[in-house]
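The sequence and the model are shown first.

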Amino acid sequence: MLEFKTFNKACDDSKYIRFCVFCDEQGVKKNHEIDNLDDNIQVFHIVAYENSKPVATCRFYQEDGDMWHAGRIAVLKEHRKKGYGRAVLEQAEKEMKMHGAKSVFISAQTQAQKFYEALGYKAYGDIYPEEDIPHIAMKKFL
């Protein structure tokens, strides 16, 4: 069973998961992975724990009015295919809703597009690069 904890700045557990997934696996430079949003107290970081060990993370914040942004969604490689990505994003959506969110924007890696579509997100616009990885804008109404 997963336990979720939410933080007002990027904690070590969140950074660890992101570094493993985005930097070690996908080649993103560490100084590009951490940005000015990570220490902003109006940005939330949720971490999912299994047996007290961090396994998944998501960062979310208010983008504009009742539209929120979810990103930096990552699951450690050895914990994939267990539904943890879905669980951490659904928990983040619940928390965004409690803050008044009516919709959520995600800049999704195209290789994960079907995952997000299965959760109700709709792609729009053209594919664009972020850190040399193809991405697509996606949105979901809560």
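A polar contact is a pair of N or O atoms within 3.5 Å; within protein, one of the two must be able to donate a hydrogen and the other to accept it. The model discussed here is predicted.

**Polar contacts**

S107 is found in strand β5. Its side chain is joined to that of Y128 by a polar contact of 2.5 Å, and a polar contact of 2.7 Å joins it to the side chain of E130. Leaving aside neighbours within four places in sequence, the residues in contact with S107 are Y128, E130, H135 and I136.

H45 is found in strand β2. H45 has a relative accessible area of 0% and is therefore buried. Not counting residues up to four places away in sequence, H45 touches K5, T6, F7, N8, K9, A10, S14, R18, L37, D38, C58 and R59. In this group, the backbone nitrogen of A10 lies 3.3 Å from a polar atom of the H45 side chain. K77 is 32 residues from H45 along the chain, and the two C-alpha atoms are separated by 19 Å.

The distances are collected below.

| Pair | Atoms | Distance |
|---|---|---|
| S107 and Y128 | side chain to side chain | 2.5 Å |
| S107 and E130 | side chain to side chain | 2.7 Å |
| H45 and A10 | side-chain polar atom to backbone nitrogen | 3.3 Å |

In soluble globular proteins, nonpolar side chains tend to be buried together. The largest nonpolar core holds 28 residues, of which L89, I106 and Y116 touch the most other members. Two or more residues each come from β2 (43-50), β3 (53-64), β4 (67-75), α3 (84-98), β5 (103-109) and β7 (133-141). The largest share of this core, six residues, is supplied by α3.

Leaving aside neighbours within four places in sequence, Y116 is in contact with I73, L89, I106, A108, Y121 and M138.

**Helix α3**

With 15 residues, α3 reaches 21 Å from its first C-alpha to its last, close to the 21 Å expected at 1.5 Å a residue. The buried residues of α3 are Y84, G85, A87, V88, L89, Q91, A92, E93, E95 and M96. Just after α3, G100 takes a positive phi of about 100°.

**The largest pocket**

What is the volume of the largest pocket? The value is about 990 Å³. Its lining comprises 39 residues, of which F22, I73, Q111, A112 and Y116 lie nearest the centre. At least two lining residues are supplied by each of α1 (12-25), α2 (30-33), β3, β4, α3, β5, α4 (113-118) and β7. The largest share of the lining, seven residues, comes from β4.

**The loop between β6 and β7**

Most residues other than glycine have a negative phi. E131, found in the loop between β6 (122-130) and β7, has a phi near 55°, a positive value in a residue other than glycine. D132 is found in the loop between β6 and β7, and has a positive phi of about 65° although it is not a glycine. Are these residues buried or exposed? E131 is partly exposed because its relative accessible area is 39%, whereas D132, at 77%, is exposed.

Definitions and conventions. Residues are numbered from 1 along each chain as its sequence is written. This is a predicted model: local features need pLDDT of at least 70, side-chain atom pairs count only at pLDDT 80 or more; totals for chains, interfaces and linings use all residues. Side-chain values use heavy atoms; hydrogens and water are left out. A nonpolar core is a set of buried Ala, Val, Leu, Ile, Met, Phe, Trp, Tyr and Cys residues joined through side-chain atoms within 4.5 Å. Buried means under 20% relative accessible area, exposed over 50%, partly exposed in between (1.4 Å probe, protein chains only). Helices (H or I, at least four residues) and strands (E, at least two) are DSSP runs, numbered from the N terminus. Contact means heavy atoms within 4.5 Å. The expected span of a helix is 1.5 Å times one less than its number of residues. On a 1 Å grid over the protein atoms alone, a cavity is a set of points where a 1.4 Å probe fits but cannot get out, and a pocket is an open set with protein on both sides within 12 Å along at least five of seven lines; lining residues have an atom within 4 Å of a point. Grid points are joined across faces, edges and corners, and a volume is the space filled by probe spheres set on the points.
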